[in-house]
Structures are given as structure tokens and as C-alpha cells.
Amino acid sequence: MSSGSGAAAGGGGGGGGQRCGGSAQDTGLSAWFEKKGAVNPSWRKRWFDLKENCIEYRKAPSDTVPRGVINLSDAKLESLPPEDNNWQDRLAIHTAAGRTYMIRAKLALLKEWIPAVQDRINAISSDISEPPLLRGSNSIGEMTKIPLDDARKLVVKLRPLAICDGFLEKKGEQRKNWKIRWFELRESRFDYFKHPADSTPKGSIMLRDCVVDVNNDTTDSTTTAKGLIFLEISPAQSSRTYRLRGSPEVIQEWELALRKCISSLKTRTSKYTPGPMIQDGVGLSQEERNKAQIPTATKRRPAGPLISNGQVIDLPEGDTVQIQVSDNTQRIKEREEAVIEMHTSMETINSMMTDMASLIKDQGHKLERIEMSADAMHASVEDGVDNLGIALKRT
């Protein structure tokens, strides 16, 4: 087994394969290793390239698309001795997703790779650590030591891009202390995360009929000293008021974006079209329906036969009986409004389901790559069985 050089790495690392992390820069470290299969636990020779945030492995250095990618974020390394009668030392890479990649090579090669891989893991951990406290700034990109572009590189792998995103400080509901949070504005909701790399939001604010205000209150001396102001969001269906703070320029950007989304929700037309109104078991036309909007106290209609003591009594000709008719127009209108509101809620749910579908699609691509690897392993096993059969026949 031989180790590759920086020059050799160029053939396998310059293609358009899957990348992980903020960039796909090559560290110049490449080599042949034997990798243990996940489905078929046999050892196969693979070409490994150490990238900035991941390790890519290929069947050959010339392959443009890697056979797989090992995400080094929060990964753990474990050095293991040789197994059985094999003389090669092993390295186990335990990923944050729960999978363990097992590779083996000469001890000298592993001694070169283990420190380099560990350095990349440590660098990734320091890059995505909890952001420091908010500082006064003139733009959203300067609000934390993590650049906005780097934060977005973490986010784009997890969910679709938001209308507006960035860091703000949020006041807790119970402890009343200020914590920095990553916020993402979407069409109908305002999500906030403990960290941009989190897969699920810590909370969501539904924007329909929300009230947004900017508060320049100076009673909070700490906030005033930092030159920050407050952004207050009051949802329509909750008694809670969310209080955020940031520099005046940043808060103004968020306020304009929030008001635009809230305004679009008010003017957005629903896909629901009211059907015909039903009255007395008969569908009404639009003209009849417009007339039905005017409530009437009583209506007169020809009386049917009267029943008395089980006998039908005929009325004299020309006589009528006044009957009170209940007007259900208002009730029907209220039900139609409830249906429209329900449809609007379903649109919001559909938006969230669309985001989830994007994540599921990404997972599907990963499963397809795993399936391709399994098919290739199966074909290799079949070839090995055929070769073994031929060898047995010759002997």
C-alpha cells in the first residue's frame, strides 16, 4: 500500500463531486487505503483525499465523483491494532451521524494521517462553536465573529435558503436573559435556532396578523451602552411578545422584511373558492345568494295541510299560515370564513412540508449513493465467486 503526494491528489480532488462544509479546498493529503464495506464487510482498496471539512474516497484517483464522503464535523478517531492475521493497523472514524468508517494501512501511513485528520476535526469544531455575545455593528454580517457567509454555508446543507437570515439577541421568556440566536425569515413564519447548524428550530413565530414594533427604550442600561434597540413581535394568536435586540441598522432591516411578509399574508388570495349556498335544500345562484345576505324576519308561503288529532284538516280556500323561517345566512358565512382560515393554515403547513421534502430528497440522494456502492460490492463478490469457481475447476 503506497501513500499519494500532493501532486497525486490533484487527479481525484478537482472534480465536481459532493462537498461538505464551508468549502472543498484540498489539503494536499491523499493515499490508498483499504476500506471495510458497510453492507458487505469485505476490505476494498480505495483512494482517499483529505479535504478541508471531509474525506472523499474513490475507486480510482481519476474518478470525478467520489464513491462516498466522510463528514468530519464532530467525528471521533480510534486507532486499532491489526485483526486476525493481517499485519495492517486500523483506524475507526466515528461520525456524528452514527456511522463508523473502518480503514487500514501501514502504521507509518496512519501516523501521518491521524494527526492531519484530527487537526481538521478540531478546526471545524472551532469554526462552528457557539457564537460570542452580540456586538454593536453596522450590518448583519458584522454582528458576530462568525461571518454571515460561513453561517449560510452551514445552513444551506440543512434546509432551503430563507428570505432573510442572520444573528440577533433574543430575551428569554422564563429567565429573562439575553441569548444570541440564528433567525430565518420565511413567507409565513419566523424561525430561530440556537446555532445555524441545528437541523430543527428552537422556536417559530407565525407571522399572520403579527404586530411588529421598534422600541427605543433606554431603561435597559446594558442595551443602551451597546447602542442597541429592541424589535418586538406580538403574534395574533398568543399573548407573548418576543423581544429581540440589535443595532439600529440591523433592526431596521429586519423590521422592513417582517412587515413585508406580514403585509403579503394579508393580501394573499386563497386558492379556496366558495361553493353555492344551500338554503331549504336548494342551491342558490349568485344573484339569489346576494339577496340572501339581507336577513328577513318572516316569509310567507302556502300552508300545507294541518294535522289535528291525527286527522288532516283542509283550510278554506285563500287562507294562509304565517311560518317563521330561520335565516342561516350568518351561520353559513361564519362557516365559510372558518374554512378559508383552515385553508390558509394548510398552506402554512404545506410550506413546512415542502422544506421537509427538500431535506428528505437530500437524504434520498445519499441513500442512492449507498445503494450504488452496495451494487458494486455485490458485482465484485459475484466476480470473485466466478473466479474462485474457475480456479477450483483448474485444480
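Basis. I worked on a predicted model, where local features need pLDDT of at least 70, side-chain atom pairs count only at pLDDT 80 or more, and totals for chains, interfaces and linings use all residues. Residues are numbered from 1 along each chain as its sequence is written, and side-chain values use heavy atoms, with hydrogens and water left out.

Chain. I looked up burial first: 33% of the 395 residues count as buried (under 20% relative accessible area, 1.4 Å probe, protein chains only).

Aromatic pairs. I found eleven in the structure (ring centres of Phe, Tyr or Trp, the latter by its six-membered ring, within 6.5 Å; planes under 30 degrees apart are stacked, over 60 edge-to-face, the rest tilted). Phe-167 and Trp-182 pair edge-to-face, at 4.9 Å between centres and 70 degrees between planes. Phe-167 sits in strand 8 and Trp-182 in strand 9, so the pair ties together parts 15 residues apart in sequence (strands are DSSP E runs of at least two residues, helices H or I runs of at least four, numbered from the N terminus). I noted both Phe-167 and Trp-182 as buried.

The ring centres of Phe-190 and Trp-254 are 5.4 Å apart with planes at 50 degrees, so I list this pair as tilted. Phe-190 is in strand 10 and Trp-254 in helix 5, 64 residues apart. Phe-190 has a relative accessible area of 0%, and Trp-254 is likewise at 0%.

I also noted a cluster linked by ring pairs: Phe-33, Phe-48, Tyr-57, Tyr-101 and Trp-113.

Pocket. I looked up the lining of the second largest pocket and found 13 residues, with Met-206, Arg-208, Gln-237, Glu-341 and Ser-345 nearest its centre (on a 1 Å grid over the protein atoms alone, a pocket is an open set of points where a 1.4 Å probe fits, with protein on both sides within 12 Å along at least five of seven lines; lining residues have an atom within 4 Å of a point). Helix 7 gives the largest share of this lining, four residues.

Conventions: Buried < 20%, exposed > 50% of the residue type's maximum accessible area, 1.4 Å probe, protein only.
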